[in-house]
Amino acid sequence: MKFCCQCGAPVELRIPEGDTIPRHVCVSCQTIHYQNPRMIVGCIAEWDEQVLLCKRAIDPRRGLWTVPAGFMENGETTYQGAVRETLEEANARVEIGMLYALYNIPHINQVYILFRARLLDLDFSAGAETLEVKLFREDEIPWDQIAFATVRNTLTQYYRDRRHGEHKFHMGTIEPIKKI
Ligand SMILES: [Zn+2]
């Protein structure tokens, strides 16, 4: 951030009085611009033995597969956001079920929230940010072409749970990939 969105004056990075973390503070109107993690909401949309994946048409990770998910909007609930993202990315209608996975990704200031969901019909198609939408059985999942670690972890847990006959809530933290 370079300029104040309240008055247009430059901002400076400093620790406000009574705070412990550097913030962007406007040099003119003194507004403190707090920045907080962003929530990504989505779902594992199920149809029998299959789950719905979307091939991304946008960066990052264009051309790789993910579950329908995206940034939560103001004024909506997490599950409304998951339904909306599934409609936008896959033109698919779902009924949201249990909260299935929560992943913290502190190094990029994101929190992923994924639900299980029931696909209501097979009338789906690629949305504007998607190249292709397809249902996959476990042995068809393109594991080496999954866009994000959160999604790979969640799908791995999902099939493990299914073999055990019980789906449980999973929480975890994604660490940055260490370059050796
Ligand atoms: Zn200002």
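Is Cys 29 buried, partly exposed or exposed, and what is its relative accessible area? Cys 29 is partly exposed, because its relative accessible area is 35%; buried means under 20%, exposed over 50% and partly exposed in between, with a 1.4 Å probe and protein chains only.

The structure is a predicted model, in which local features need pLDDT of at least 70, side-chain atom pairs count only at pLDDT 80 or more, and totals for chains, interfaces and linings use all residues. Residues are numbered from 1 along each chain as its sequence is written, and side-chain values use heavy atoms, with hydrogens and water left out.

Cys 26 counts as buried because its relative accessibility is 1%.

**Chain**

The chain has two helices and eleven strands; these are DSSP runs numbered from the N terminus, helices (H or I) having at least four residues and strands (E) at least two. Of the 180 residues, 42% count as buried. The C-alpha atoms fill a box of roughly 60 × 35 × 30 Å along the principal axes.

**Salt bridges**

A salt bridge is a side-chain nitrogen of Lys or Arg within 4 Å of a carboxyl oxygen of Asp or Glu. By this rule the count is 13, and the table gives some of them.

| Pair | N to O distance |
|---|---|
| Glu 12 and Arg 14 | 2.8 Å |
| Asp 121 and Arg 93 | 3.1 Å |
| Arg 137 and Asp 139 | 3.9 Å |

In the last pair, Arg 137 counts as partly exposed at 39% relative accessibility, whereas Asp 139 counts as exposed at 67%.

Asp 121 and Arg 93 form a salt bridge. This pair links distant parts of the chain, 28 residues apart: Asp 121 is in the loop between strand 9 (110–119) and strand 10 (130–136), and Arg 93 is in the loop between helix 1 (78–90) and strand 8 (94–105).
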